[in-house]
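Colleague: Could you walk me through this model? I would like to begin with how its parts pack together.

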Amino acid sequence: MQKNSLGDTLRELRKQKGLSQEDLAEGICSPVSISRIENGNQIPSQPVLEALLEKLGTGLYQICNVYYRSEQQQAFEEKAQAIINLGDEENIDQAWKELEHLQQNCPDDTRSRQLCWLVEATLRLQCHDTAPESYPLQETMDLAQKALALPRPNFDYENFPNSVLTIFEVDLLHIIVAIWAGMDRNMDALRLGERLYASLKKHESDVVSYQRAKINVVQNLGAILAKMKMYQDALQYIDEAEALSLKNNEHSLLVMIELTRAKIYCLIDRKEECADILKTLAAYTALTKQKTYLSSIQRLAHDKLGLDL
């Protein structure tokens with residue numbers, strides 16, 4: 001990516017919209033600032049960039065987080081993602097140790113602090129099922145909302161689909177959806193999840209992190225609707241999540257998607273289909289050493305179908 005790639009992109013989009021620099025700047029910043037940004041001589045603040053993106057239209061996630069980050073900042077964010085991956089890979093104790101080190105070396109800027117809180121909220125949510133008293137959902141909710149409000153103190157939970165979200169904001173909103181579902185606030189979870197999905201569809205992106213987020217949101221909507229006994233609607237979301245996963249080659253997400261499908265099949269008495277899915281998932285997760293998933297699959301098969309996998 002060239003140094004002034006953000007400026008080049010903004011200039012091209014502005015011209016496609018038929019806007020002058022004065023038109024684009026109106027109500028946001030000065031025309032001089034637009035000129036400097038387009039020429040690569042000025043980095044816009046996050047609020048200014050978001051306002052410019054919103055004015056220029058949709059399909060702009062690919063430049064939403066371009067801030068000419070230093071190698072040090074990039075390395076910090078890669079470490080944060082690695083910690084989340086450790087949690088996903090069931091190395092949760094190591095993940096917490098790595099998070100402590102990350103927090104101790106957190107740069108003094110809003111984006112980095114938000115990322116640290118996002119990682120902590122993610123690990124807390126992962127630990128809740130096995131240790132609910134140590135990781136209560138309300139405390140995780142408070143942390144996620146605090147992180148979301150860090151760059152945007154007046155974040156609008158009702159109208160945010162009209163704005164371009166950063167990937168951190170997408171992940172934090174998804175955490176809040178999951179927490180509300182865990183609290184049995186299913187309607188709140190459903191409404192927020194549907195608004196988040198609407199935002200991701202409105203501001204389409206080819207960036208991998210946004211595609212993964214979209215798949216996770218859709219799968220979670222299916223799980224929420226199943227809890228509400230809206231099984232056919234739930235299966236439509238699961239079908240959509242599966243299709244998105246295959247389309248984007250995100251095969252690692254298929255285990256959770258198909259496990260959710262199996263749970264729904266069991267609830268609507270499609271037990272043979274449920275058993276077929278669980279047998280396949282059990283073999284795959286045993287082979288790939290996904291112990292937590294394998295345990296969940298075996299427990300569901302035993303409790304609901306009388307199968308020992």
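Colleague: Which residues of H8 meet H10?

Modeller: In this predicted model, Arg111, Gln114, Leu115, Leu118, Ala121, Thr122 and Leu125 are the residues of H8 that take part, and they meet Phe168, Glu169, Asp171, Leu172, Ile175, Ala178 and Ile179 in H10. Sorted by kind, the residues of this contact of H8 with H10 divide into 9 nonpolar, 2 polar and 3 charged.

Colleague: And how do you describe the way two helices pack?

Modeller: Two packed helices are described by the angle between their axes and by the distance between those axes. For helix H8, which covers residues 110-128, and H10, the axes come within 10 Å and cross at roughly 30°. Angles under 35 degrees count as roughly parallel, and H8 and H10 are therefore roughly parallel to each other. The crossing of H8 and H10 is left-handed.

Colleague: What about H10 and H11, at what angle do their axes cross?

Modeller: The axes of helix H10 (residues 167-182) and helix H11 (residues 186-202) cross at roughly 160°, and they come within 8 Å. That makes H10 roughly antiparallel to H11, since angles over 145 degrees count that way. The crossing of H10 and H11 is left-handed.

Colleague: Which residues meet there, between H10 and H11?

Modeller: From H10 there are Val170, Leu173, His174, Ile176, Val177, Trp180 and Ala181, and in H11 they meet Asn186, Asp188, Ala189, Leu192, Gly193, Leu196 and Leu200. The residues in this contact of H10 with H11 divide into 10 nonpolar, 3 polar and 1 charged.

Colleague: OK, going one further along, how far apart are the axes of H11 and H12?

Modeller: The axes of H11 and H12 are 10 Å apart, and the two helices pack at an angle of about 150°. H11 and H12 are therefore roughly antiparallel to each other, and H11 passes H12 in a left-handed crossing. On the H11 side the contact is made by Asn186, Ala189, Leu190, Gly193, Glu194, Leu196, Tyr197 and Leu200, while H12 brings Tyr210, Ala213, Lys214, Val217, Val218, Leu221, Ile224, Leu225 and Lys227. The residues of the contact of H11 with H12 divide into 12 nonpolar, 2 polar and 3 charged.

Colleague: Let me pick one of those, Leu221: is it buried or exposed?

Modeller: Leu221 lies in helix H12, which runs over residues 208-227, and at 1% relative accessibility Leu221 counts as buried, because the cut-off for buried is under 20% relative accessible area.

Colleague: What is Leu221 in contact with?

Modeller: If you leave aside its neighbours within four places in sequence, Leu221 is in contact with Leu190, Gly193, Glu194, Tyr197 and Tyr237. The C-alpha atoms of Leu221 and Asn186 are separated by 9.9 Å, although these two residues are 35 residues apart along the chain.

Colleague: Now Ala241, where is that one found?

Modeller: Ala241 is found in helix H13, residues 231-247, and Ala241 is buried, with a relative accessible area of 0%. Not counting residues up to four places away in sequence, Ala241 touches Ile215, Val218, Gln219 and Ile257.

Colleague: Change of topic: which loop holds Asp269?

Modeller: Asp269 lies in the loop between helix H14 (254-267) and helix H15 (271-287). The phi of Asp269 is near 65°, a positive value in a residue other than glycine, and at 58% relative accessibility Asp269 counts as exposed.

Colleague: And what is the phi of Lys289?

Modeller: Lys289 has a positive phi of about 60°, although Lys289 is not a glycine. Lys289 lies in the loop between H15 and helix H16 (291-305), and Lys289 is exposed, with a relative accessible area of 65%.

Colleague: Stepping back, how many helices and strands does the chain have?

Modeller: The chain has 16 helices and 0 strands. Along its principal axes, the C-alpha trace spans about 70 × 40 × 35 Å, and of the 309 residues of the chain, 44% count as buried.

Colleague: What radius of gyration does the chain have?

Modeller: The chain has 21 Å, which agrees with the value near 19 Å that a compact globule with 309 residues would have. As for contacts between residues at least 6 apart in sequence, 62% of them join residues at least 24 apart.

Methods: Residues are numbered from 1 along each chain as its sequence is written. This is a predicted model: local features need pLDDT of at least 70, side-chain atom pairs count only at pLDDT 80 or more; totals for chains, interfaces and linings use all residues. Side-chain values use heavy atoms; hydrogens and water are left out. Axes are lines fitted to C-alpha atoms, for helices over the stretch in contact, and angles run from 0 to 180 degrees between N-to-C directions. Helices (H or I, at least four residues) and strands (E, at least two) are DSSP runs, numbered from the N terminus. Angles under 35 degrees count as roughly parallel, over 145 as roughly antiparallel, 65 to 115 as roughly perpendicular and the rest as oblique. A crossing is left-handed if the near helix is turned anticlockwise from the far one by less than a right angle, and right-handed if clockwise. Contact means heavy atoms within 4.5 Å. Ala, Val, Leu, Ile, Met, Phe, Trp, Tyr, Cys and Pro count as nonpolar, Asp, Glu, Lys and Arg as charged, and the others, Gly among them, as polar. The radius of gyration is taken over C-alpha atoms; the globule rule is 2.2 Å times the number of residues to the power 0.38. Buried means under 20% relative accessible area, exposed over 50%, partly exposed in between (1.4 Å probe, protein chains only).
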